[in-house]
Amino acid sequence: MKIYYVKKSVIVNLFAVFVLAFISVFYFNYGIPPVVRTFLNINRQLPIYSVDIPDKRVAISFDASWGSHKTERILQILRDKNVRVTFFLTGLWVDKYPDLVKKISEEGHDVENHSNTHPHMTQLSDSQIVNELKVNEEKIVKLTGKKPYLFRPPFGDYNDKVIITAKSLGYYTIQWDVDSLDWKGLNTEAIIDRVLPNVKKGSIILFHNNGDFTADALPYIIDKLKENGYQIVPISQLIYKENYYIDHEGRQHLNQNQ
């Protein structure tokens with residue numbers, strides 16, 4: 001019995017280490033899924049992953065924190081397709097490419113907050129979170145004349161403190177329900193295959209401005225979405241601004257009881 005107990009405990013410990021390692025890797029790459037957050041903390045705060053809407057609207061978003069040489073091509077595609085999207089910009093990117101920030105705004109796209117220095121927000125104090133948001137906000141306002149009110153945490157990394165602090169500054173925290181994984185260097189076909197089958201009404205699609213094959217996949221994705229009856233809008237035109245609730249999957253719903 002004693003030998004069996006030792007062996008069993010070793011197996012249990014190894015399994016626990018494996019599970020923790022898997023969760024750590026998944027969290028680093030994707031953030032903690034809403035269903036896991038529900039299991040861990042039923043009263044937790046959630047960002048908006050998608051929106052429950054009656055019509056076929058979806059939003060395309062681009063995170064920008066590194067590189068710019070593919071951004072002009074993306075903007076040209078969006079002009080050609082007559083589509084407006086949402087760009088989440090870090091302060092570091094804004095500092096390096098102010099002319100592109102102005103151009104993005106002038107062409108009718110949302111210019112929103114992706115933090116100032118792209119940190120893991122959950123590792124920051126309240127005052128540091130405020131600083132990350134306010135410093136970048138001031139940079140964006142200076143260049144565009146418009147105050148951002150959407151916030152996407154870097155790495156998809158958030159907790160209650162991050163969401164509550166962002167909300168106190170007037171921000172809706174935004175995630176995504178369709179991830180292109182374009183930052184991993186997926187080829188054009190792989191990006192298309194990740195995006196199109198997973199889109200539904202109210203989806204928020206995640207791209208990056210400098211993905212290797214993002215601009216190659218984008219025209220086909222836009223055309224197919226339109227062929228399937230979807231209207232592509234900025235996130236600011238997709239979400240509810242008031243009288244809403246967010247379910248355990250991060251889907252935003254209009255509150256019908258008020």
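Let's start where two helices meet: Arg 73, Ile 74, Ile 77, Leu 78 and Lys 81 of helix H3 touch Thr 214, Ala 215, Asp 216, Leu 218, Pro 219, Ile 222, Asp 223 and Lys 226 of helix H9, where contact means heavy atoms within 4.5 Å. The residues of this contact split into 7 nonpolar, 1 polar and 5 charged. Keep in mind that this is a predicted model, in which local features need pLDDT of at least 70 and side-chain atom pairs count only at pLDDT 80 or more, while totals for chains, interfaces and linings use all residues. Residues are numbered from 1 along each chain as its sequence is written, and side-chain values use heavy atoms, with hydrogens and water left out.

Now for the strands, which are DSSP E runs of at least two residues. An open sheet of 3 strands runs in the order S1-S11-S10, with mixed pairing; strands pair if DSSP finds at least two bridges between them. S1 (50-51) and S10 (244-246) are the edge strands. S10 and S11 (residues 251-254) pair in the antiparallel sense over 3 bridges, and Tyr 245 has His 253 in S11 as its bridge partner.

Finally, look at Ser 50 in S1. Ser 50 counts as buried because its relative accessibility is 4%, and buried means under 20% relative accessible area with a 1.4 Å probe, protein chains only. Among the residues Ser 50 touches are Asp 177, Gly 202 and Arg 251.

Definitions and conventions. Helix = DSSP H or I, 4+ residues; strand = E, 2+ residues; numbered from the N terminus. Nonpolar A, V, L, I, M, F, W, Y, C, P; charged D, E, K, R; others polar. Buried < 20%, exposed > 50% of the residue type's maximum accessible area, 1.4 Å probe, protein only. Lists of a residue's contacts leave out its neighbours within four places in sequence.
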